[in-house]
Amino acid sequence: MWSKYFSPAELLISATAAERGIANMPTWQQLHTLHMFCVCCLDEVRTLAGRAVIVTSGYRCPQLNRAVGGVDDSHHQCWGGYAAADITLGNKDSNCWLFEKIAASNIPFVQLICEDGGRWLHISWHPFRCDREVIRR
């Protein structure tokens with residue numbers, strides 16, 4: 001098992017990459033970072049939620065990141081030890097609830113963003129940083 005609750009495919013699959021023929025494949029080092037992100041952060045989020053957490057965007061190679069309008073230094077690209085995922089419980093109310101639970105928890109993260117009033121949450125992680133920056137947009 002890759003992590004307690006998540007598979008590599010959940011962090012790699014992208015409809016945009018499939019539609020545009022983009023090979024969204026991380027290096028072995030990036031894959032290891034994604035694995036540690038799941039074990040140290042996303043598994044904890046799933047336990048806190050008490051139900052399935054859907055990853056809507058995980059790893060993005062630079063070409064995919066550009067295609068979806070991501071910022072140049074996006075943590076989704078798994079550079080410098082960072083990893084990120086956009087997640088949802090399926091609706092704004094549940095996402096806002098989860099946002100508050102994560103913000104009040106001891107889960108290690110660099111950034112936690114409640115995007116577009118709760119349409120989705122963005123969470124990023126690094127093995128040596130725990131900035132716990134909490135943002136509502």
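**Close-up 1. Arg60 and its salt bridge with Asp86.** In this predicted model, Arg60 is buried, its relative accessible area being 11%. Its side chain meets that of Asp86 in a salt bridge, with an N to O distance of 3.3 Å. The pair links distant parts of the chain, for Asp86 belongs to strand S2 whereas Arg60 sits in the loop between strand S1 (54–57) and helix H4 (62–67), 26 residues apart. Asp86 is likewise buried, because its relative accessible area of 8% falls under the 20% limit.

**Close-up 2. Leu11 and its surroundings.** Leu11 lies in helix H1 and is buried, with a relative accessible area of 0%. When its neighbours within four places in sequence are left aside, the residues in contact with Leu11 are Trp2, Phe6, Leu34, Phe37, Cys38, Leu42, Val55, Gly58, Tyr59 and Ala85.

**Close-up 3. The largest nonpolar core.** This core has 33 residues, and those with the most contacts inside it are Leu11, Phe37, Leu42, Ile87 and Ile123. Two or more residues are given to the core by each of helix H1 (8–12), helix H3 (28–49), strand S2 (83–88), helix H5 (92–104), strand S3 (111–115) and strand S4 (120–125). Of these elements, H3 gives the most, with seven residues. In soluble globular proteins, nonpolar side chains tend to be buried together.

**Close-up 4. The salt bridge between Glu100 and Arg136.** The closest N and O atoms of Glu100 and Arg136 are 2.8 Å apart, and the two residues form a salt bridge. Glu100 lies in helix H5 and Arg136 in strand S5 (residues 133–136), so the pair ties together parts that are 36 residues apart in sequence. Glu100 counts as partly exposed at 41% relative accessibility, while Arg136 is exposed, with a relative accessible area of 53%.

**Close-up 5. The salt bridge between Arg129 and Asp131.** Here the side chains of Arg129 and Asp131 meet in a salt bridge, with an N to O distance of 2.3 Å. Arg129 counts as partly exposed at 37% relative accessibility, and Asp131 counts as partly exposed at 41%. The count of salt bridges in the model comes to five, among them the one shown in this view.

Definitions and conventions: Residues are numbered from 1 along each chain as its sequence is written. This is a predicted model: local features need pLDDT of at least 70, side-chain atom pairs count only at pLDDT 80 or more; totals for chains, interfaces and linings use all residues. Side-chain values use heavy atoms; hydrogens and water are left out. A nonpolar core is a set of buried Ala, Val, Leu, Ile, Met, Phe, Trp, Tyr and Cys residues joined through side-chain atoms within 4.5 Å. Buried means under 20% relative accessible area, exposed over 50%, partly exposed in between (1.4 Å probe, protein chains only). Helices (H or I, at least four residues) and strands (E, at least two) are DSSP runs, numbered from the N terminus. Contact means heavy atoms within 4.5 Å. A salt bridge is a side-chain nitrogen of Lys or Arg within 4 Å of a carboxyl oxygen of Asp or Glu.
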